[in-house]
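Reader: I would like to go through this structure by questions. Can we begin with the terms and then turn to particular places?

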Amino acid sequence: MRNADYVIVGQGIAGTMLSWFLLQAGKKVIVIDDGKPNSASRVAAGIINPVSGRRFEPAWMYDTIYPFAKITYEQLSALLQVPVFTERELWTVFPSMQMREAFLNKTTGNEYTQLPAVMKYAAFLDQPYGAAIVRGATVNLRSLLPAYRRYLQDQDALVEVHLDIEYLEIRENEVVYGDISAAKIIFCDGAGTRGLPFFKEIKFLPNKGEVLLVKIPGLETGDIIKKGITLVPQDNGLFWAGSSFVWDYEDDLPTLKQREILEKSLRQLLKVPYEIVDQLSAVRPSGNDRRPIAGFHPQLPPVGLFNGLGTKGCSLAPFMAAHFRDVLLANAPLMPEIDLKRYFNIHRA
């Protein structure tokens, strides 16, 4: 038997962060992940944004989670020897005068936002109502996740299979899966958690996102550009262009309908031609209250969950994973805002 303190299911941003903090604390960890290419973390652009939505509300706990995330990603970049974290400006194009006024009303005095002194991108973007600058960042998930996967392999801490729940044995003080025995199993497998019978009380609101990878001849920038659709610079002169939100979907594959919707948004933003190189899609994990979900099943103490990070996953994951580590190892109280038992309490009521 291979013995571990924790089995972690999933190596997206949630599983990567939680396994990292537990390994740093000296715990024996085994990560089970099948390397699904269109998981939410592998398709996401990794944007960290201090404001949320069209109302420009301040992102939850941003002043706490952002500095922690920056330090964590810089440490991982040094360890793994890959580029991970880049601070960027989000060039936010106003679609209307009303949105410009809403931005000014919500963000006056906000240290992360400002109006630009000079309008940029006049040759490329349709921006009759102007634009704002929002200071954020991106996490290069296409570098981080494969590099960390190699790190896990070097630590003999990765099992590259799809976990079949039928063969998971849950005992009073341990779990057994094949030749693996551990004190706890923690599911960090994003939208896959919906199919687990012991978390059926949790009200997940998964949604499908689709993105295009495009070339825009002549446009060279390190900025994120946002107006209805978001353009994020990638390697090789590409831009990540997305993403859609679809609540009712048949599968996790790209669709012609969403390609047409994304292209319409591109045409409304760009004044120049573009070339589509690829189309990607994935299902995002999210709880119905848009907060992370963490903790252990009230009737099955060895079975835990760290999930529901949603579109703020790259900003939330480091701090929340470190917090969950402290809950596991130092008996720290779990933040009630993220405690999975809030769903079980609602269910019983």
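Author: One definition comes before the rest: strands are DSSP runs of E with at least two residues, numbered from the N terminus. The model is predicted.

Reader: In which strand is the place of Asp278?
Author: Strands are numbered from the N terminus. The run that holds Asp278 covers residues 275–284. That strand is S17.

Reader: Is Asp278 buried, partly exposed or exposed?
Author: Buried means under 20% relative accessible area, and exposed means over 50%. Asp278 has a relative accessible area of 37%. That value falls in between, so Asp278 is partly exposed.

Reader: Is Glu263 buried or exposed?
Author: Glu263 lies in helix H6, residues 256–269. Not counting residues up to four places away in sequence, Glu263 touches Leu212, Tyr274 and Ile276. Its relative accessibility is 18%. The cut-off for burial is under 20%, so Glu263 counts as buried.

Reader: How are H3 and H7 oriented to each other?
Author: H3 spans residues 62–80 and H7 spans residues 313–330. Their axes are 8 Å apart, and the packing angle is about 85 degrees. Angles of 65 to 115 degrees count as roughly perpendicular. H3 and H7 are therefore roughly perpendicular.

Reader: How many nonpolar, polar and charged residues are in the contact of H3 with H7?
Author: From H3 come Thr64, Ile65, Phe68, Ala69, Thr72 and Tyr73. They meet Cys314, Ser315, Leu316, Pro318, Phe319 and Ala322 in H7. By class, this contact has nine nonpolar, three polar and no charged residues.

Reader: Which element gives the most to the lining of the second largest pocket?
Author: This pocket has a volume of about 300 Å³. Strands S6 (85–93), S8 (131–139) and S15 (229–233) and helix H5 (141–154) each supply at least two lining residues. With three residues, the element that gives the most is H5.

Reader: How do the residues of the lining of the second largest pocket divide by class?
Author: The second largest pocket is lined by 18 residues. Asn140, Arg142, Pro233, Gln234 and Asp235 lie nearest its centre. The lining divides into nine nonpolar, six polar and three charged residues.

Methods: Residues numbered from 1 in each chain as written. Predicted model: local features only at pLDDT ≥ 70, side-chain atom pairs only at ≥ 80, totals over all residues. Heavy atoms only, no water. Axes fitted to C-alpha atoms, helices over the stretch in contact; angles between N-to-C directions. Helix = DSSP H or I, 4+ residues; strand = E, 2+ residues; numbered from the N terminus. Parallel < 35°, antiparallel > 145°, perpendicular 65-115°, else oblique. Contact = heavy atoms within 4.5 Å. Nonpolar A, V, L, I, M, F, W, Y, C, P; charged D, E, K, R; others polar. 1 Å grid on protein atoms, 1.4 Å probe; cavity = no way out; pocket = protein on both sides within 12 Å on 5 of 7 lines; lining within 4 Å. Points joined across faces, edges and corners; volume = space filled by probe spheres on them. Buried < 20%, exposed > 50% of the residue type's maximum accessible area, 1.4 Å probe, protein only.
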